[in-house]
Amino acid sequence: MGSIAGLGVLIALPLVTPAYFLHLLIQILLWGFIYTAWSTMGRFGLVSLGHGAFMGVGAYVPALLWNYFDVTPWLGIPLGIVLSALLGVIIGYPCFRLKVVGHYFALVTLALGQVVLLSIVAARDITGGSLGMTPRSIGRSWYALQFPDKAYFYVIALVVWLGGLLVWRWIDRGIGREALEAISDDEEAAAAVGIDVTREKLRVTVISAALTALGGALFGQYLMYLNPESVSGIGVSLQIVFAAIAGGMYAMLGPTVGALLTIALTEGLRVWFGANFVGAANAIYGILLILFVVFMPRGILGWLEMARRPRAATAPAE
Amino acid sequence: MDMFLLEAAINGLLLAGVLALLTLGLNLIFGVIDVVWIAYADLVMCGMYAVYWLFAVFGWPLPLAFAASVVGVAALGVIVHLLIIAPILSSAPINQLLATGGLLYFLQSFATLLFTTDFRNIGVRLPIIEIGGIYISYSRLLAFAVALVGATALYLFLKRTYIGTAIRAIAQDREIIGLMGVDQRRIYLVTSAIGGALAGLGACLLALQYDVHPFIGNTFGPLIFMICVLGGLGNMIGGFIAAFIISQIIAIGGYYFSTELSYVLAFMLFIVLMFVRPQGIVRR
């Protein structure tokens, strides 16, 4: 009942909120979606430091197709998602087959993020390089998925975010979850009881990559501006990890709480100190990330849940 | 043979010196404390700012500014160890990596806050030497020489002194060392200080060649990680060799294609090598 009432409030919001808050809400929903996507693999010990790679592919493929070949984002976005998922397989399959785990996996994904980032910069003749690019604007159009009016994007972001939660729930309730938890506890033992380790890991990786690409694509469509650093840089990849951990990657709404927290913090500090203190919010993120990892590795929601149910204290990440 | 190609190769060789120095510091910390400092390149950034402010703004003599940078970053290394690494020494490696990731975020943003995103140059222009039609920048040559001296000094320290021997022993067998009457915590502090000092020294050498800005760590940080892992984490000689291989790929790739593509090439090589030889290119 509570969730239905909450949903009702979320749907009614654009009718009553000023544009600035709507902008914040859209950002919270889209980032919440991306953080949720990261957590679908992060919660099973697959810590990726290169999700910017998937965001970058997801954002640039539809924008490039639109600008150069007039292909509608309705085709471009799915193509970007497929390519991103493919990238997940290309990186994931050898990693999982050859047992590249833990911080080695993190470093491989970090390198992947760099490959995508630098490839976008290197292809500056078509992508605009470090200066970024703007999808060709044709005003309000469903065909081009461009809406100057924020309310449209709010609804899109809401639907996509809900979809992300449904995927989370589907994984959470499925048989794969237990297999994955067994794998993140002890890979050898999981393999010994007949779990196909590579397949299970690959499945969440592909899902995570695909959802992240969709998030990246929608950001591109919403902001109408793409920049390699802001979709694929190390900063973005770390921000994803930080927010997901801060909110709690083991709870369904945890990553969204992370998005809410980080955006509220950024905006709060921006309003408080003015634009001169651009670095302040990120500096505080950094400190919080350290504190969270040291004192609260399950995140805010995880911590609250643990306080309520002492039994859940057996954290897979520790 | 193509003169420009030769020039690119020589410049790659000179770049390798500084990268090898930084790899040594990172490797030492990994081998001894068993922690991946993802923010290592940002300590270098701090050192570069120290050199910039002391030399270019406050007008200290350059050698004094360099010494201050080395000492300052060494102290920073100790602080990082005490505040961040020591409390989570026993938790999962990935958590340690994430905590130093938080440090990276913090240092970059804090530098942005203090110094803005302007590119700053210390304004020292060393001459360029011409040898038989090949142009070599004196600052790179100097950096290479200092890096070699630094590496040799570290080698002698590890081989000849008591505490150096203890550091090598810990890198080989963490469990037994306590029984030998070595204070592990002290060794960790010394190691963090040396790792920091090497970052500070690397910062001095890089400040001669590049502008400093808050995100400079991102440009070569992933690179030194990659070199470290390629050489086999904790393997110093492997790291040294890997630094030369990667710099050559970047220099020669940059000559044939573009700088970005040569980095892409190097990162792809890293990913592939992680699959083929996760223990590094040199056997321990």
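Start by selecting the residues around the largest cavity of this predicted model: Leu110(A), Ile234(A), Ile38(B), Ala41(B), Asp42(B), Leu104(B), Gly217(B), Asn218(B), Gly221(B), Pro222(B) and Phe225(B). On a 1 Å grid over the protein atoms alone, a cavity is a set of points where a 1.4 Å probe fits but cannot get out, and lining residues have an atom within 4 Å of a point. The volume here is about 80 Å³, meaning the space filled by probe spheres set on the points, which are joined across faces, edges and corners.

Next, colour α9 (216–230) of chain B, which contributes five residues, the largest share of this lining. Helices are DSSP runs (H or I, at least four residues), numbered from the N terminus.

Now move to chain A and show α7 (150–173) with α10 (197–223): their axes come within 11 Å and cross at roughly 175°. Axes are lines fitted to C-alpha atoms over the stretch in contact, with angles from 0 to 180 degrees between N-to-C directions. The two helices α7(A) and α10(A) are therefore roughly antiparallel (an angle over 145 degrees). Pick out the side chains where they touch (heavy atoms within 4.5 Å), including Phe153(A) and Trp170(A) of α7(A) and Leu211(A) and Tyr222(A) of α10(A).

A note on reading the model: residues are numbered from 1 along each chain as its sequence is written, and chains are lettered from A in the order in which they are written. Local features need pLDDT of at least 70 and side-chain atom pairs 80 or more, while totals for chains, interfaces and linings use all residues; side-chain values use heavy atoms, leaving out hydrogens and water.

Technical notes
Angles under 35 degrees count as roughly parallel, over 145 as roughly antiparallel, 65 to 115 as roughly perpendicular and the rest as oblique. On a 1 Å grid over the protein atoms alone, a cavity is a set of points where a 1.4 Å probe fits but cannot get out, and a pocket is an open set with protein on both sides within 12 Å along at least five of seven lines; lining residues have an atom within 4 Å of a point.
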